[in-house]
Amino acid sequence: MNTTGTGISGPSEAEIAEGLRAYDLDREHVFHSWSAQASLKPMTVTKTEGPFVWDGEGRRLLDFSSQMVNTNIGHQHPAVVQAIRDQAEKICTIAPSHVNAARSEAARLIAELAPGDLNHIFFTNGGADANEHAIRMARLHTGRRKVLSAYRSYHGGTELAVNVTGDPRRFANDHGDAGVAHFMPAYPYRSYFNSTSETEETQRALRHLEDVILLEGPQTIAAIILETVPGTAGIYLPPPGYLQGVRELADRYGIVYIADEVMAGFGRTGAWFAVEHWDVRPDLMTFAKGVNSGYVPLGGVAISEAIYQTFAERPYPGGLTYSGHPLACAAAVATIQTMTSEKMVDNAAHLGTDIFGPGLQEIAERHPSVGDVRGLGCFWAIELVKNRDTKEPLAEYGGSSPEMNELIGALKAAGMLPFANFNRIHVAPPLNLTDEQAREGLEIIDTALTVADAHTV
């Protein structure tokens with residue numbers, strides 16, 4: 001099967017047949033995350049390459065989700081695939097107590113890119129356990145227990161990480177005993193503080209955060225954890241001065257500031273790390289996803305000198321069998337080198353400034369269902385509403401709706417694999433997307449939004 005206009009062959013008949021068998025086995029044996037199992041009808045993927053995936057019927061879809069917003073370099077990049085092959089020929093796996101070249105080089109490259117003095121890297125298997133370990137480090141460093149995190153946030157699905165999370169996915173697992181207190185974020189479009197400007201939003205959100213700190217007791221708080229740009233929670237950008245204010249409050253009260261860059265990091269926003277846009281320096285920074293585009297699971301914590309010194313003579317009580325797994329770290333080295341040589345971070349910035357920003361604004365002006373568009377680089381949200389004046393969402397917070405399902409179906413039918421959450425469509429394609437592919441994606445969205453417009457009042 002050949003896919004017109006891409007120069008890439010689609011799946012063969014044998015691959016499609018293999019996909020049909022895989023679907024049957026999936027429904028018989030695989031237990032899916034975040035899903036009611038009996039009614040689930042997952043899409044089969046038979047092939048991936050570049051910014052494209054092919055479904056079980058062999059249809060090409062432009063991947064504007066980057067899967068879970070992690071395939072920052074696209075699918076099957078030959079340089080990274082080859083690096084994994086080469087590493088497998090040398091050392092497939094080794095205990096984390098032993099030095100191996102792939103892990104050492106990955107740590108060096110990440111430390112060079114990280115802001116401030118985040119010169120030491122602790123490797124994990126993914127973002128959730130990175131956040132778990134960052135919080136553990138903060139608690140041991142300060143001798144305190146409480147963690148402050150924002151509502152409308154996501155920090156992972158493991159026990160502590162899901163309690164730190166500030167969206168409805170935590171409800172079934174939140175028993176109020178994890179030492180977590182939540183606060184209202186700075187979210188200009190749906191301000192919790194009745195702000196009428198970004199300046200007001202920053203001032204009022206910081207005042208609220210300081211009130212929470214004082215009312216909870218600064219001497220009890222180990223860390224504030226924030227997604228620099230929240231991902232699944234809505235890609236709402238912190239207004240000017242907000243993150244700097246959080247940094248100042250953390251310093252004032254001796255609290256560790258953890259920047260969660262699991263989704264926003266490694267070029268997604270048009271900078272290596274999103275904190276660079278606001279010139280802040282966290283004490284700990286977590287990462288995963290884009291560090292190696294998810295080709296092999298990998299995450300980690302970048303650690304400041306002060307926190308490193310806490311464990312210089314005192315053992316750190318934590319570890320993982322696969323910490324710094326050689327295949328994962330080799331993929332990270334190749335990913336970072338490839339992103340650098342192919343100028344993918346610059347390309348992400350260009351796409352955001354020159355194509356997605358103006359293109360999405362034009363789409364918003366044409367479609368009454370679009371309440372807000374916002375983002376940076378290859379990281380944008382389209383917030384959909386039934387009424388622009390009341391901002392009534394097209395799906396309730398924490399759920400979906402027939403209207404959103406109809407829109408998602410229209411996007412897929414037109415050739416796009418979208419990222420959707422609640423009442424939003426996210427624009428999160430690979431960072432090496434071409435201008436032509438970016439415009440193709442915007443055209444698909446523009447056409448499909450007529451479905452959402454039919455539900456506005």
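# A tour of the predicted model

Select P78, whose place is in helix α3. The model on the screen is a predicted one. Is P78 buried or exposed? At 59% relative accessibility, P78 counts as exposed, because exposed means over 50%. P78 and V280 are 202 residues apart in sequence, and their C-alpha atoms are 35 Å apart in space.

## Helices α3 and α10

Colour the whole of helix α3, residues 78-90, and then helix α10, residues 326-341. The two helices pack at an angle of about 145°, and their axes are 8 Å apart. The crossing in which α3 passes α10 is right-handed.

Show side chains where the helices meet. On the α3 side, select A79, V80, A83, I84, Q87 and A88. On the α10 side, the residues they meet are P326, L327, A330, A331, A334, T335 and T338. Which classes of residue make up this contact? Ten of the residues are nonpolar and three are polar, and there are no charged residues.

## Helix α2

Move to helix α2, which covers residues 66-69, and select Q67. Phi of Q67 is near 65°, which is a positive value in a residue other than glycine. Q67 counts as partly exposed, at 31% relative accessibility.

Then select V69, which is also found in helix α2. V69 is not a glycine, yet it has a positive phi of about 55°. Is V69 buried or exposed? With a relative accessibility of 2%, V69 counts as buried, because the cut-off for buried is under 20%.

## Aromatic rings

Next, show the side chains of the aromatic residues. How many aromatic pairs does the structure hold? There are eleven. Start with the pair formed by F266 and W272, which is edge-to-face: the distance is 6.4 Å centre to centre, with 90° between the planes. F266 and W272 are both buried.

Go on to F311 and Y316. Why is this pair called edge-to-face? The ring centres are 5.3 Å apart and the planes stand at 80°, so the pair falls in that class, for which the planes must be over 60 degrees apart. F311 counts as buried, at 16% relative accessibility.

## Charges over rings

Two further stops pair a ring with a charged side chain. Select K47 and W54: the charged end of K47 sits over the ring of W54, 5.6 Å from the centre of that ring. Then select R169 and W34. Here the charged end of R169 sits over the ring of W34, at 5.7 Å from the ring centre.

## Helix α8 and R247

Find helix α8, residues 242-252, and select R247 within this helix. R247 has a relative accessible area of 12%, so it is buried. What does R247 touch, leaving aside its neighbours within four places in sequence? R247 is in contact with I255, Y257, R281, P282 and D283. Show these side chains together with R247 to see the contacts.

## Helix α6 and E159

Select E159 in helix α6, which covers residues 159-164. With 53% relative accessibility, E159 counts as exposed. Not counting residues up to four places away in sequence, E159 touches E132 and N173. E159 and E365 are 206 residues apart in sequence, and from C-alpha to C-alpha they are 42 Å apart in space.

## Helix α12 and I408

The last stop is I408, found in helix α12, residues 402-413. Is I408 buried or exposed? I408 has a relative accessible area of 19% and is therefore buried, since the cut-off is under 20%. Apart from residues up to four places away in sequence, I408 touches P418, A420 and I425. Finally, select I445. The C-alpha atoms of I408 and I445 are separated by 9.9 Å, and the two residues are 37 residues apart along the chain.

Methods. Residues are numbered from 1 along each chain as its sequence is written. This is a predicted model: local features need pLDDT of at least 70, side-chain atom pairs count only at pLDDT 80 or more; totals for chains, interfaces and linings use all residues. Side-chain values use heavy atoms; hydrogens and water are left out. Rings of Phe, Tyr and Trp (its six-membered ring) pair if their centres lie within 6.5 Å; planes under 30 degrees apart count as stacked, over 60 as edge-to-face and the rest as tilted. Buried means under 20% relative accessible area, exposed over 50%, partly exposed in between (1.4 Å probe, protein chains only). A charge sits over a ring if NZ of Lys or CZ of Arg is within 6 Å of the ring centre and within 35 degrees of the ring normal. Axes are lines fitted to C-alpha atoms, for helices over the stretch in contact, and angles run from 0 to 180 degrees between N-to-C directions. Helices (H or I, at least four residues) and strands (E, at least two) are DSSP runs, numbered from the N terminus. A crossing is left-handed if the near helix is turned anticlockwise from the far one by less than a right angle, and right-handed if clockwise. Contact means heavy atoms within 4.5 Å. Ala, Val, Leu, Ile, Met, Phe, Trp, Tyr, Cys and Pro count as nonpolar, Asp, Glu, Lys and Arg as charged, and the others, Gly among them, as polar.
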